[in-house]
Amino acid sequence: MSLTNYLVLASVLFTIGATTVLLRRNAIIVFMGVELMLNATNLVLVTFSRMHGNLTGQVMAFFVMVVAAAEVVIGLAIIVSIFRTRRSASVDDVNLLKS
Amino acid sequence: MSAALLAAATQTVTTSTAEEVLFWCLAPVMVIAALGLIFARKAVHAAMSVIVVMISLAFLYVAQDAPFLGVVQVVVYTGAVMMLFVFVLMLIGVDASDSLVETIKAQRWIGWIAGIGLGIVLVGVVTRATYPSMTGLATANADSNPVAVAKVIFGDFVFTFEVVGALLVTAALGALVLTHRQRLTPRIGQKERADARVAAGGSLTPLPAPGVYARHNALDVPALDHLGRPLEESVSRVLRIRGQELGVEQFQAPALPSATQTPTLEPGTEDQA
């Protein structure tokens with residue numbers, strides 16, 4: 001089995017995540033799509049790390065995980081505060097700037 | 001170092017059959033679960049399918065000579081991030097379903113076409129590219145994967161590591177600030193409640209129980225105060241309203257010699273009254 005299989009799997013996962021972001025309206029599900037994309041990138045990094053015999057890729061994936069954790073904390077806090085003021089978790093309802 | 005790398009590169013490293021089996025078992029599960037993110041109606045189901053994808057990814061990391069990342073994947077992503085997602089789902093309503101109103105015309109079809117197009121481009125590029133033969137991480141992981149990763153993190157990437165630490169602290173503070181709720185009315189605690197009760201002029205102590213020191217110990221018999229007078233409020237309000245209270249007069253203490261003495265009570269029990 002060549003390592004390309006991992007890369008194809010990661011591409012498919014990334015595509016599904018991106019499509020989720022484009023299609024879904026619920027802000028939390030959209031956010032989970034972003035997380036799926038980050039995970040797919042991590043898989044690519046780990047695979048390339050193994051392909052080249054260099055651990056830098058794994059370290060990059062580790063940093064991606066940490067940044068994703070920080071991003072999730074802030075993003076969910078934003079979603080919660082929007083929900084408190086607007087009583088909605090739909091990305092379409094946040095349209096105050098459009099008048 | 002480069003000599004070791006070259007030596008490793010010359011060896012032909014291939015994936016094992018077990019890894020192939022693992023990959024072909026996990027990959028369909030992961031893709032189906034990821035598709036659940038697009039098609040699931042309830043947000044909780046989407047969260048569960050993402051958890052499936054993330055745990056499977058942890059397996060794949062371990063299979064790819066990255067046990068440290070596999071553990072971090074389970075701990076950070078499945079344990080912390082997805083827990084946070086599920087927690088927020090509980091907080092802002094599980095049944096918040098998608099609206100079907102299209103704010104952008106034909107957004108659904110554009111989204112589908114863009115997604116499929118992106119998939120075709122990505123898979124096409126990935127499959128058609130030429131890769132070097134697999135080096136494998138046997139030499140890099142010579143003294144265990146976590147040790148080798150730690151050497152890279154605290155060697156080449158130590159500044160990045162510090163910056164990421166600052167980022168995490170900032171994110172925690174930001175989350176606190178963003179979810180902070182300004183208190184618009186003063187907090188009402190025990191002291192404020194007691195003050196309000198005193199100001200309203202109500203009884204500060206619990207009401208006396210019915211039947212205390214009376215000749216009958218029953219719910220409908222009012223208690224007697226220290227002067228032998230019946231206490232009207234000791235009988236339940238319901239009984240008083242219904243008129244089921246026994247008459248006050250028949251249980252009153254016998255004629256009082258003076259207003260300061262309590263003829264029906266023993267001198268010792270007077271303090272308790």
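This is a predicted model: local features need pLDDT of at least 70, side-chain atom pairs count only at pLDDT 80 or more; totals for chains, interfaces and linings use all residues.
**Entry 1**

B:E19 forms a salt bridge with A:R50, and the closest N and O atoms are 2.8 Å apart. Next I looked up where the two partners sit: B:E19 lies in helix α2 (residues 17-39) of chain B and A:R50 in helix α2 of chain A, so the pair joins two chains. Are these two residues buried or exposed? I found that B:E19 is buried, and A:R50 is buried as well. A reminder to myself: side chains of opposite charge can pair when their charged atoms come close.

**Entry 2: the interface as a whole**

Then I stepped back to see the interface of chain A and chain B. How many salt bridges does the rule find across this interface? It finds one. I also noted 16 residue pairs in polar contact across the interface, both residues of a pair being at pLDDT 80 or more. On the side of chain A that touches chain B, the elements giving two or more residues are α1 (4-23), α2 and α3 (56-86) of chain A. The most comes from α3(A), with 24 residues.

For the size, I remembered that an interface is often described by the accessible area lost when the parts come together. Here chain A and chain B bury about 7,200 Å² between them, and 74% of that is on carbon and sulfur atoms. In chain A, the residues that lose the most area to chain B are A:M1, A:R25 and A:R50, together 11% of what that side buries. The contact takes 70 residues from chain A and 89 residues from chain B.

**Entry 3: two buried residues**

I picked B:Q64, whose place is in the loop between α3 (43-63) and α4 (67-91) of chain B. I looked up its relative accessible area, which is 0%, so B:Q64 counts as buried. Which residues does B:Q64 touch, leaving aside its neighbours within four places in sequence? Its contacts include A:L3, A:Y6, A:L43, A:R50 and B:E19. I was pleased to meet both partners from my opening entry here, A:R50 and B:E19.

Beyond its neighbours within four places in sequence, A:N39 is in contact with B:M54, B:L57, B:Y61, B:Q73 and B:Y77.

**Entry 4: the other salt bridges**

How many salt bridges does the rule count over all chains? The count comes to three. One of them pairs B:K151 with B:D143, with the closest N and O atoms 2.8 Å apart. B:K151 counts as exposed at 53% relative accessibility, while B:D143 counts as partly exposed at 37%.

In another, the side chains of B:D195 and B:K191 meet at 2.9 Å, N to O. Both residues lie in helix α8 (residues 190-200) of chain B, four residues apart, which is about one turn of the helix. B:D195 is partly exposed at 40%, and B:K191 is exposed at 58%.

**Entry 5: a nonpolar patch**

Last, I looked at the surface of chain B. B:F154, B:V158, B:F159 and B:V163 form a nonpolar patch there, with about 410 Å² of accessible area together. Which helix gives the largest share of the patch? I found that helix α7 (residues 158-178) of chain B does, with three residues. B:V163 is found in helix α7, and B:V163 is partly exposed, with a relative accessible area of 43%.

Note on methods. Residues are numbered from 1 along each chain as its sequence is written. Chains are lettered from A and ligands numbered from 1 in the order in which they are written. Side-chain values use heavy atoms; hydrogens and water are left out. Contact means heavy atoms within 4.5 Å. Patches are made of residues with over 30% relative accessible area and no salt bridge: like charges are joined within 9 Å, nonpolar side chains (Val, Leu, Ile, Met, Phe, Trp, Tyr) within 5 Å. Accessible areas come from the Shrake-Rupley method with a 1.4 Å probe; for residues, only the protein chains shown count as cover. A salt bridge is a side-chain nitrogen of Lys or Arg within 4 Å of a carboxyl oxygen of Asp or Glu. Buried means under 20% relative accessible area, exposed over 50%, partly exposed in between (1.4 Å probe, protein chains only). Buried area is the accessible area (1.4 Å probe) that two parts lose on being put together, summed over both. A polar contact is a pair of N or O atoms within 3.5 Å; within protein, one must be able to donate a hydrogen and the other to accept it, and residues adjacent in sequence count only if both atoms are side-chain atoms.
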